Every structure is written in C-alpha cells, then in structure tokens.
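Please keep the sequence and the coordinates in view while reading.

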Amino acid sequence: MRKKGSAHYGLPHRILTLLLISALGLALSGCAGSRVAARPAPYDSPEAALRALAAPLSAGQTVTATAHILINSNGEKYPLKVALMIREPAHLRVESIPIMGPPDFFLSIVGGELRVFLPGRGGGTFYTGRATPQNLSRFFPVVLPAEEMLPLLMGLPPDDGKTPFSLSGEWEAGHYRIDRCAAGRKVRSLWIDPAGNLITRIRTFGEGETIAYTADFSEHTRLGKGFLPQRLVISGEAMPELTIRYTDLRQIAADPDSFALPVPEGIVPTFLD
C-alpha cells in the first residue's frame, strides 16, 4: 500500500461516521413510503406494510453520532464510547472517545475494506484487510459481515441482493410481522409498529431456521426527511449482546473519500488476509 502524508484522524465536530447502508427498498422489495401515519392503520398485505413504512434516510446522506455502547458478554459488561460517521452504501468511520487522553482506536470500512489504526509505541500499528466477520472480530465483538452490520446500525434490514424470495405477513402482539422466505426456508423477519410505521425488530435465521441474531430498535427520531432509531440492541447465540444508544445525531456534508483512514507516515501496514 502506498504511504501517504501525515494522517489527521479528527472528524468534524469530533464526531465520526455512522453508516447508512442498504436502502430498505433493496432489502425488502424496495417499498419505502415518505410519511408517518398519524394513527395506527391495518395492513392488508406485506407489500402494503412495506409501502407504508416511514422513510429511512435518503441515499448519499452522511450521519454522525456519539455511540454509547454496552457489551454484555457472559454476564460481564463493558462500556464504550465512540464517535461514528456513516454514509450509504458502505462507508463507516469510528473513533474512540476515552475517558482521559486522546483517541486510542480508529476504524474505517469503505467498499468492503477494513482499516484499523491503534496509536502506540513506535507510532502505532495500522491494519488493513477485508471487512469479514473474522477480521472485524479481532477489534470489536461483531461476528457479522460489514454489509450486514452497517444497515442494522441504521435500523434497516441487510440487502439480500437478487435472490428470489416470497413474503408473508401476520399480526403479532400489536405489530405486523413480515417473513421473508428464500430457497424454501425463512431467512428474515421484521416487525413493524403501525402507530408510526417504523421497524422495531429484525431477526435473521440460519440453516434449519435457527435464530442467528435479533436486532431491536426503539426511540426513533426524525433526522432530515428520514428516521433513525436512537437505541438498538443486537443479540445472538454466537455473539455478546450489544446495546447502542446514539446521541448528538447530525447530518453533515462529507466527501466519501474522507472515510478511509490514511496510513500514517512512517507506518508499514499489517495485512490481515
């Protein structure tokens, strides 16, 4: 990798990147509305429910936030505070906010490439490689690929591509549940609150329709013309439970080229793959 000049890792307002990836239309039949219902209204089909969904953020918008993260692993809890910046379709940048001292952790994901910088003795260590679950889990307790994790951080289902699928829906405890099936099995479900036409839960299934993970979303807030959850909880059998609360949510103008971490001068990257 070609070395660049001196790296500057601060972001505007000291808040970095949190993502907005994978429009819901691509993830679940491309049906996203632009209004929030004033009161609960029944849906007569999964397609009608998807059409009624409150609009997510528009493509190309960059969002920054402070993320207060609580990792619950086998009863042990670890709090973290980071600044995030994100932009659709696959741009993420993260900077730690320690209690004392300068940031000690930097991460970026751009186009499927992971970069991590850990400042330290001798200038620090710079890692680069594919944004796979294995590589991500070296630095953060995530066992999901980046293209799946990033939409969840925005309260959206991952993009399932062009795989043929069918939809079914039914009411469950005051919410409308939509099941997506492909290749003869259920692959994903989402729950919609009809009071605001907002997604409150996404559940993904593995082989045998076992639950891979569940993501719950709450405290949605309007940001520009779209909506974002301010609180999310992601849990699964093969991962610790992550509780994330966003504060200081903003939309900013940011160049997509500003997301990827530059290689600090004098540092030789360590390749993960």
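Where is the place of A173? A173 sits in the loop that links strand 8 (166–172) to strand 9 (175–182). The model under discussion is a predicted one, and in it the phi of A173 is near 50°, a positive value in a residue that is not glycine. The relative accessible area of A173 is 78%, and the residue therefore counts as exposed. E219 also has a positive phi, of about 55°, although it is not a glycine. E219, however, is found in strand 12 (residues 211–223). With a relative accessible area of 37%, E219 is partly exposed.

The overall composition can now be set out. The protein contains four helices and 15 strands. Of its 273 residues, 50% count as buried. Among contacts with a separation of 6 or more, 54% are between residues 24 or more positions apart. The protein exposes about 13000 Å², of which carbon and sulfur atoms supply 53%.

Confidence in the prediction deserves attention before the details. The average pLDDT of the protein is 84, and 84% of the residues score at least 70. Over residues 1–40, by contrast, the pLDDT is below 50, while the model gives this stretch 166 contacts beyond near neighbours in sequence. Where pLDDT is low, predicted coordinates should not be read in detail.

Strand 2 (residues 62–73) pairs with strand 14 (residues 239–252) in the antiparallel sense over ten bridges, and I69 stands opposite I244 in strand 14. Strand 2 also pairs with strand 3, again in the antiparallel sense, over two bridges. A65 has L84 in strand 3 as its bridge partner. Strand 2 and strand 3 form a hairpin with two residues between them, and N74 in the turn has a positive phi of about 55°.

A hairpin joins strand 3 to strand 4 through three residues. The two strands run antiparallel and are joined by six bridges; A83 stands opposite E95 in strand 4. R93 stands opposite S108 in strand 5.

Why is strand 4 (residues 91–96) described as largely enclosed by the rest of the structure? Six of its six residues are buried, so the rest of the structure largely encloses strand 4. In a regular strand, side chains alternate between the two faces of the sheet. In strand 4, H91, R93 and E95 point one way, L92, V94 and S96 point the other way, and all are buried.

The nonpolar cores come next. The largest has 52 residues, and V63, L107, I109, L114, L152, I178 and Y246 touch the most other members. For L152, leaving out residues up to four places away in sequence, the residues touched are L144, P158, I202, Y213, A215, F217, L232 and I234. Another core, of six residues, lies apart from the largest one; F106, F126, L261 and I267 are among its members.

R188 is located in strand 10 (residues 185–193). Because its relative accessibility is 6%, below the 20% cut-off, R188 counts as buried. The side chains of R188 and D160 are joined by a polar contact of 2.6 Å. Beyond neighbours within four places in sequence, R188 is in contact with several residues, including E148, I178, D179, I202 and Y213.

The tour ends at helix 2 (residues 46–52), where A49 lies. A49 has 0% relative accessibility and so counts as buried. Residues up to four places away in sequence aside, A49 touches Y43, Y176, I178 and I192. A49 and P194 are 145 residues apart in sequence, yet their C-alpha atoms are 8.5 Å apart in space.

How values were computed: Residues numbered from 1 in each chain as written. Predicted model: local features only at pLDDT ≥ 70, side-chain atom pairs only at ≥ 80, totals over all residues. Heavy atoms only, no water. Buried < 20%, exposed > 50% of the residue type's maximum accessible area, 1.4 Å probe, protein only. Pairing = 2+ DSSP bridges. pLDDT = per-residue confidence, 0-100. Contact = heavy atoms within 4.5 Å. Core = buried A, V, L, I, M, F, W, Y, C linked by side-chain atoms within 4.5 Å. Polar contact = N/O pair within 3.5 Å; in protein donor to acceptor, adjacent residues only side chain to side chain. Areas by Shrake-Rupley, 256 points an atom, 1.4 Å probe, with all protein chains shown as cover.
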